[in-house]
Structures are given as C-alpha cells and as structure tokens.
Amino acid sequence: MKKYVASALISLIILFGFTPRVVQAASAAENLLYAAAAYAYINGQLQNINDNHQQQRLAIDQRKTGIDNDPDVNERLGRLYSQLKANGQIKSNYALYVSPEKDLNAFCDIGRVICVYRGNFDLTDDEVAFTLAHELRHGEAKHNIAGVQKLLGLSLIVNLFLQRNDNTTSEILAAVAANYINNEIFTMGQEWEADEYAFNYAVAAGFNPGAGAANMARIRKKHGEIWVEGLARLINPNNHPKTSARVAAFSKKMTDYSRGKVTVAEGKTGAAILVKGQLFMVPKANYGQIQDERAYLIAGKIARAFHQKPYTLTGGDIGDDGEVLLGDIAIVTPGEGEEPAEVLAERLNVILAVK
C-alpha cells in the first residue's frame, strides 16, 4: 500500500513545530560529514525506539489495524512463534498479535512488533510459520529501521540532526514509523534475504519444507504476481520479488533439502510431484488447499523423509487413517478425485526401488 509520504512528513514537521535549518556554504567534504553524523544520530534514536518502546509500538499498531481476540488463532500464533524460537536462531523477543483483516499479509514494525492478518489462519500451520519466519527475519536484520530512514530522506535526517532536540526527533520518528506499516520500503535484496532465512528458520523448527512455496502459490492465486511492468515502475517501483520467482526459489530450496530427490513441476494440467525423477502424483485441490499449494505441501513431506533417511527409506505403507507413509512420515491422505492410497503406495515403492 502506498501513501504520499512527502506530504505526510510536511504535516509532521508543522505539527511538531519543527523548523528546518540549512547548512550555509558547506564544502562537499563537510556535507559528507554532516550526513554521516546525521545518520548515526537518527540510527541511535531509531535503535532506542526498537529496543525500549515495544509496548508503545504495540499499542500504536493495534489501534491502527484493530485486534482479533479469537483465542484459537492467538493460541496458534503463540505456539508457532514458540516453536520457531525454540532452536535459538531467533535472538530477540517479539510482541505478536492478530489483525482482523482477512488478507494474506503480515508486517514487522519497529519495536519488534509483528502483526499477522487473520486471513493467514485459513492456511496450514506450516504456511503460517513461513509467513511469521519471514517477518522475524525483517526484525532480526532491522530492515524496518533502514526502511524508516529511507522514508525520512537525507534532507530531513540532516535537519533533525542539526535541530538536536531529542524529544522532537523521537516524536517525529515515532510518527513516521506509525505510517511505515502502510509504506513498507524494503529493498529487493532484503526481501530475498527474509525468504532465505524464513526457510532456514522454519525448516530447522520442524515445519514442512514445501510450505514456503505452498504459501507463495496461495498468495499468487489471490493477488497475482504483485509486479509492475514498464514505465509504471517509475511511479510504483517493485520492492518485492515477482511471486512466481518466490515460488520457484522456495521450491528449489525444498528440492535441495531433499538431496535432489523431490521436485514439483508446474504445468498446464497442474503441479506434478516427481520423486527421483519419476512421476508420483498430480494432486487435486482438496482440504481447503488449491492444487499447486497442495502439491508443494505433499512434496515437502516427502522431501523431509529423504533428508532424514536418504539411504534407508522403505516402502509406501498405508497408515490406520488411510494415509500413505514414507518411513515414519505420513505424506498424503488422498482426497476427492485423487488416486487411492494403495495405488500411490505401490507407485512409491516402485520409485524407491529404482537405483
């Protein structure tokens, strides 16, 4: 979502009685020194908000987005967060809440506050965990601090530095940060980094390695590529990678995790799951999942089996609830229009027997 940031900043300056100062007849070297000192000053102020004002930021964000107090979704979010935190890769502590918005969206604000929109909770826990892990990486890497600095611009940063009024600066920064959740300015590199770490965080915590691609496939179905072509990029530049590129990147990570044994091939007839290069299954849309989303979730379970036991995997057995097993991992319970468990188990055994 985009706002007219310049107008918002002008309003803030008027509101807080801020009078810009001008550096007279400064040399190029002096301007560089001013800029460096100004950025250091602003960075310190933002770090202070990030480290010491979590509850204030939480209250601001909750007023802005609203709160969903459904105990079930809040319990899910807390449980997923605890699981992601358990292995020690995520160092900071975050305040989390659920917005009533039905979209597939989330954000991480300064103060280490994460909001996850209610729409995400129509997905599996594994998919929600990837969304949460992505936002956690933004927080761990302090991408939001860099984003607020980018919103401010060099001129205002230097003037805040010259004003040297910590109270005014803090108020302006807090107000800009409040507007930031509607104007997330991440670089393409930061988004790719957040996806990279999201995979690492989520998979290390035991979540389905195919869920990142599944989640992106669901977002692609709902919102398309979220990508602007041609001259329109000058007005509304892309700051997130193309959605299909994110699907493909997560899919490759899943394949690599499976030691190269599991892939998903998207085609006109639907996404097909290949195991050791052989067709295993073309799932149908079932259990509230769209076709390609379901394919990635099933493939991710197979990938985990190959990652855990690459040399000793045995049989496609059938569990008590009619699910196909690979080792001790339930990989799929066939749904409407899909081949029976017996057929899938037999096919899997044939594939496993191939050297």
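Modeller: Let's begin with handedness: a crossing is left-handed if the near helix is turned anticlockwise from the far one by less than a right angle, and right-handed if it is turned clockwise. Helices (H or I, at least four residues) and strands (E, at least two) are DSSP runs, numbered from the N terminus. This is a predicted model, in which local features need pLDDT of at least 70 and side-chain atom pairs count only at pLDDT 80 or more, while totals for chains, interfaces and linings use all residues. Residues are numbered from 1 along each chain as its sequence is written, and side-chain values use heavy atoms, with hydrogens and water left out.

Now for the crossing itself. The two partners are α10 (residues 211–223) and α12, the latter covering residues 243–257. Their axes come within 8 Å and cross at roughly 165°. Here axes are lines fitted to C-alpha atoms, for helices over the stretch in contact, and angles run from 0 to 180 degrees between N-to-C directions. As for handedness, α10 and α12 cross in the left-handed sense. The contact (heavy atoms within 4.5 Å) is made on the α10 side by Gly212, Ala213, Met216, Ala217, Ile219 and Arg220. On the α12 side, Thr243, Ser244, Arg246, Val247, Phe250 and Ser251 take part.

Stay with α12 for a moment, and look at its charged side chains. Aspartate 256 and lysine 252 form a salt bridge, with N and O 2.9 Å apart. The term means a side-chain nitrogen of Lys or Arg within 4 Å of a carboxyl oxygen of Asp or Glu. Both residues belong to α12 and sit four residues apart, about one turn of the helix. An α-helix has 3.6 residues a turn, so residues three or four places apart point the same way. Lysine 252 counts as exposed because its relative accessibility is 53%, whereas aspartate 256, at 47%, is partly exposed. The cut-offs are these: buried is under 20% relative accessible area, exposed is over 50%, and partly exposed is in between (1.4 Å probe, protein chains only).

By the salt-bridge rule, the count comes to 16. Another one lies in helix α4 (residues 71–85), where arginine 79 and glutamate 75 are also four residues apart. Their closest N and O atoms are 3.2 Å apart. Arginine 79 is partly exposed at 33%, and glutamate 75 is partly exposed at 44%.

Aspartate 125 and arginine 76 meet at 2.7 Å, N to O. This pair links distant parts of the chain, with aspartate 125 in helix α5 (residues 125–140) and arginine 76 in helix α4, 49 residues apart. Arginine 76 is buried, with a relative accessible area of 15%, while aspartate 125 is partly exposed at 22%. Together, Glu75, Arg76, Arg79 and Asp125 are linked in a network of salt bridges.

Helix α13 is mostly covered, with 15 of its 18 residues buried.

Two loop residues deserve a glance too. Most residues other than glycine have a negative phi, and most peptide bonds are trans. Lysine 276, however, has a positive phi near 55°, and it sits in the loop between β5 (272–275) and β6 (278–281). Tyrosine 287 likewise has a positive phi, about 55°, and its place is in the loop between β6 and α13. Tyrosine 287 is exposed at 52%, whereas lysine 276 is partly exposed at 26%.

Finally, step back to the whole protein. It has 14 helices and nine strands, and 51% of its 355 residues are buried. Among contacts between residues at least 6 apart in sequence, 70% join residues at least 24 apart.
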